[in-house]
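Reader: I have a chain to go through with you. Tell me what each label rests on.

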Amino acid sequence: MNSNIKAIVEGLLFVYGDDGISLLDLQNVLEDVRPVTIQEAILELEKKYSSDPDCAFSIQKFGKNKYRLQTKPELHEYFAKLELEVNNSRLSNSSIEVLSIIVYKGPISKHDIELIRQAECSYQIYRLRQKKLIKAVGKTSTGANLYTITDNFFKLFNITGGFEALPQIDFASYKNQDEENNFEEEIKVTEEMISEEDVFEEDDSEGMF
């Protein structure tokens, strides 16, 4: 294989960073190169990275035919220490519930999420937006935001194949837990924090933790 193709693919993975780049975008840049050749270049780069113990990088496939340059999973514990300094909080059970509803029912409004959970969810939406796991992609007829997940969801949970790869959930049997054993019940969310006018842009996909 022409090593120049690998160099171009590697450079594009680097330039696109955490957002990643799709196979289609790679094809658009490498106009005269067959898709199978591009995929072979990605595989060869991954083999090169994995065979070199002094290399910190690997290639992650996520979503549906999207790729990004990332650090090797076995090194994550070291980088996580820095991440914890930046943001030492994890998603609570209630935030994970709201995220799951958005994953399977999105685009969905805050009101409809609350109908499913039978509980208020302003703070959970605020946290998910803060972590850039969800974004607003439109509005209802009443002007409320419609939420869906970002590419960060697929990267965070290392899901390949997009929505089709997700397991099925029966929401008809969904029951909300009345007891919430975390501090979120005591936190009051201001209108400024969760304003329905604040719509995510596409570049809000960075910073998945």
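Author: Start with the largest nonpolar core. Of its 19 residues, L99, I102, I113, I134 and I149 touch the most other members. The model is predicted: local features need pLDDT of at least 70, side-chain atom pairs count only at pLDDT 80 or more, and totals for chains, interfaces and linings use all residues. Residues are numbered from 1 along each chain as its sequence is written, and side-chain values use heavy atoms, with hydrogens and water left out.

Reader: What makes a set of residues a nonpolar core?

Author: The members are buried Ala, Val, Leu, Ile, Met, Phe, Trp, Tyr and Cys residues, joined through side-chain atoms within 4.5 Å. Here α5, α7, β5, β6 and α8 (151–156) each supply at least two residues. Helix α5 gives the most, with five. Helices (H or I, at least four residues) and strands (E, at least two) are DSSP runs, numbered from the N terminus. Another core, of 18 residues, lies apart from this one, and L12, L13, L26 and Y67 are among its members.

Reader: Why is α5 called roughly perpendicular to α7?

Author: The axes of α5 (residues 93–105) and α7 (residues 122–130) cross at roughly 75 degrees and come within 9 Å. Axes are lines fitted to C-alpha atoms, for helices over the stretch in contact, and angles run from 0 to 180 degrees between N-to-C directions. Under 35 degrees is roughly parallel, over 145 roughly antiparallel, 65 to 115 roughly perpendicular, and the rest oblique. So α5 is roughly perpendicular to α7.

Reader: Which residues make the contact?

Author: S94, S95, V98, L99 and I102 of α5 meet Q124, I125, R127 and L128 of α7. Contact means heavy atoms within 4.5 Å.

Reader: What makes β4 and β5 edge strands?

Author: The open sheet has three strands in the order β4-β6-β5, with antiparallel pairing. Two strands pair if DSSP finds at least two bridges between them. β4 (108–109) and β5 (134–139) each have a single partner strand, so one side of each is left without a neighbour in the sheet.

Reader: How many bridges join β5 and β6?

Author: Five, in the antiparallel sense. A136 has Y147 of β6 as its bridge partner. Helix α5 packs on the sheet, touching β4, β5 and β6.

Reader: Why does T150 count as buried?

Author: Buried means under 20% relative accessible area, exposed over 50%, partly exposed in between (1.4 Å probe, protein chains only). T150 has 4% relative accessibility, so T150 counts as buried. T150 sits in the loop between β6 and α8. Leaving aside neighbours within four places in sequence, T150 is in contact with K132, L133, I134 and K135.
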